[in-house]
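Hi,

Have a look at it first, then read on.

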Amino acid sequence: MSDFRQQALDYHAFPKPGKISVEMTTPAESVKDLALAYSPGVAEPVREIADDANNAYKYTAKGNLVAVISNGTAILGLGNLGPLASKPVMEGKALLFKRFAGIDSIDIEVTHRTTEEFINTVANIADTFGGINLEDIKAPECFEIEQELQKRCSIPIFHDDQHGTAIVTAAGMLNALEIQGKEISNVTIVCMGAGAAAIACMELLIKCGAQREKIYMLDRNGVIHTRRENLPVHKLAFANNTDKRTLEDVMDGADVFVGVSGPDVLPPETLKMMAPNPVVFACSNPDPEIRPELAMATRDDLIMATGRSDYPNQVNNVLCFPFIFRGALDVRATAINDAMKVAAVEAIRAISKEEVPEEVLIASQSKALSFGRDYIIPKPMDPRLCSRIAKAVGQAAIDSGVAQLESLPTNLQY
Ligand SMILES: NC(=O)C1=CN([C@@H]2O[C@H](COP(=O)(O)OP(=O)(O)OC[C@H]3O[C@@H](n4cnc5c(N)ncnc54)[C@H](OP(=O)(O)O)[C@@H]3O)[C@@H](O)[C@H]2O)C=CC1
Ligand SMILES: CC(=O)C(=O)O
Ligand SMILES: [Mg+2]
């Protein structure tokens, strides 16, 4: 067994199996404590909440609690391995919520027969939480699930693989294009993958100025074009009126490659075909569409990003989901809307251009980091992410009318 594989398994097995636990926040030592915490004292907040549901934010953990919910149908780029196998990833997301944004989070893996059954299960438990982060649910079911839950629930429902990924991709892409001296409105974009992450990334890039006609999206059957039959509706929106059919056809002269598909699908010979100064986001996890070493050895004019922590330029939704939920929870937002997403994009972009604090250099084992080819986007452990993104998102929620509080709380702990 490789060293790293064993280390990863040990990390998950010790000192206790798993990565998260539940802690008490009030004393429970004496008879008096128990009388307050449980019977008879607990009846008082019960009555208050029965009178007014908003009191759940005052007397329970709801307001700082996010459920990470999956059915395991698209676990990273590993595929449909079922709900239980997704648990390490979902515990990981819960760990990241706590570590980076102080949000208590619990993972829930749902076994279901139909999409409707999944939706009913989540809708029926939604009131327990301040927000729901849907994770690793494959397309096309993820679209119906998110839309239906948003209709049925009064808390933010956010499919991280769609919107978290799109927000970080947009922030990184706008910065990378700026460094490469290219305008988003002029670039030709190849998107490998046509699922949850791909559709949301391309839709947000279009909102940021990219032209739909200049986007070529591919799935396992090659380029998605207008003459392909039986395209599902989410792919139809990206059907390009083109004679190009293969990855090579569309990569010839392309400025941007976004990979949200699977491992090793971008051969070096194809990378060579791109226009000068290209941007390559190979974001499939854990194994990217092309390994950075290979890409950098193939040409030296590219900006390269992956979804991984162990290379420069980590384009990964970890830079978004803890902080966008922090902002949403802080103002009791009922939804996460486009205004909040754009606020997150801008906040992430801005931090990338500022001086990097010493603690971030130490945590990322870097001697120096400054805006440029190898630093297009902040490091996840940058403490500015929480305060800056959360405040921008909270304010956007207030301004766009989805916050239940009228202003940002004054006692924020970050
Ligand atoms: N860095 C990050 O932050 C994130 C990265 N990702 C990565 O993106 C990938 C997709 O995730 P997600 O969108 O949630 O999953 P989905 O199951 O919703 O979509 C997967 C898509 O990838 C396509 N695909 C898979 N393998 C290949 C291949 N060999 N060649 C061409 N297309 C392929 C599928 O094609 P078809 O439609 O034909 O089946 C499908 O369109 C994963 O690797 C995941 O790790 C996802 C979210 C965040
Ligand atoms: C990062 C992530 O959410 C994924 O790869 O699915
Ligand atoms: Mg995911």
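**Lys93 and the annotated sites**

Lys93 sits in helix H5 (residues 87-101). Helices here are DSSP runs of H or I with at least four residues, strands are E runs of at least two, and both are numbered from the N terminus. Before you go further: this is a predicted model, so local features need pLDDT of at least 70 and side-chain atom pairs count only at pLDDT 80 or more, while totals for chains, interfaces and linings use all residues. Residues are numbered from 1 along each chain as its sequence is written, and chains are lettered from A and ligands numbered from 1 in the order in which they are written.

Why look at Lys93? UniProt, in an unreviewed entry, puts the feature "active site" at Tyr38 and Lys93. UniProt positions are in the numbering used here, feature names are shortened, and annotations may be inferred rather than shown by experiment. The two positions are spread over 56 residues of sequence and also in space, up to 30.8 Å between C-alpha atoms.

Is Lys93 buried or exposed? Lys93 is buried, because 25 other C-beta atoms lie within 10 Å. Tyr38 has 11 C-beta neighbours inside 10 Å and therefore counts as exposed. (Buried means 20 or more other C-beta atoms within 10 Å of the residue's own, exposed means 12 or fewer, and partly exposed is in between; C-beta atoms are placed from the backbone.) Tyr38 is in the loop between helix H2 (31-37) and helix H3 (43-51). Setting aside neighbours within four places in sequence, Lys93 contacts Val68, Ser105, Asn133 and Glu135. A contact means C-beta atoms, placed from the backbone, within 7 Å.

Four strands make an open sheet in the order E2-E1-E3-E4, with parallel pairing. Strands count as paired if DSSP finds at least two bridges between them. Strand E2 (104-109) and strand E4 (157-159) are the edges: each has a single partner strand, so one side of each lacks a neighbour in the sheet. On average, neighbouring strands of this sheet are turned by 20° against each other, direction ignored. Strand E1 (residues 65-70) pairs with E2 over 6 bridges, and Val66 is opposite Ser105 in E2. H5 packs on this sheet, touching E1, E2 and strand E3 (131-134), and its direction makes about 165° with that of E2. Helix H7 (residues 141-152) lies across E3 and E4, at about 165° to E4. (Axes are lines fitted to C-alpha atoms, for helices over the stretch in contact, and angles run from 0 to 180 degrees between N-to-C directions.)

Helix H6 (residues 115-125) has Phe118, Ile119 and Val122 as its buried residues. Seen down the H6 axis they fall within an arc of 95°, so they line one face of the helix; the arc is that of the directions from the helix axis to the C-beta atoms. These buried residues pack against E1, E3 and H7, while Glu116 and Asn124, on the other side of H6, are exposed.

**Around strand E5**

Which way do the residues of strand E5 (residues 189-192) point? Ile189 and Cys191 point one way, Val190 and Met192 the other, and all are buried. E5 runs parallel to strand E6 (residues 215-219), joined by 4 bridges, and Met192 has Leu218 as its bridge partner there. E5 is also joined by 4 bridges to strand E8 (residues 256-259), again parallel, with Cys191 opposite Val258.

Cheers

Terms used: Contact = placed C-beta atoms within 7 Å.
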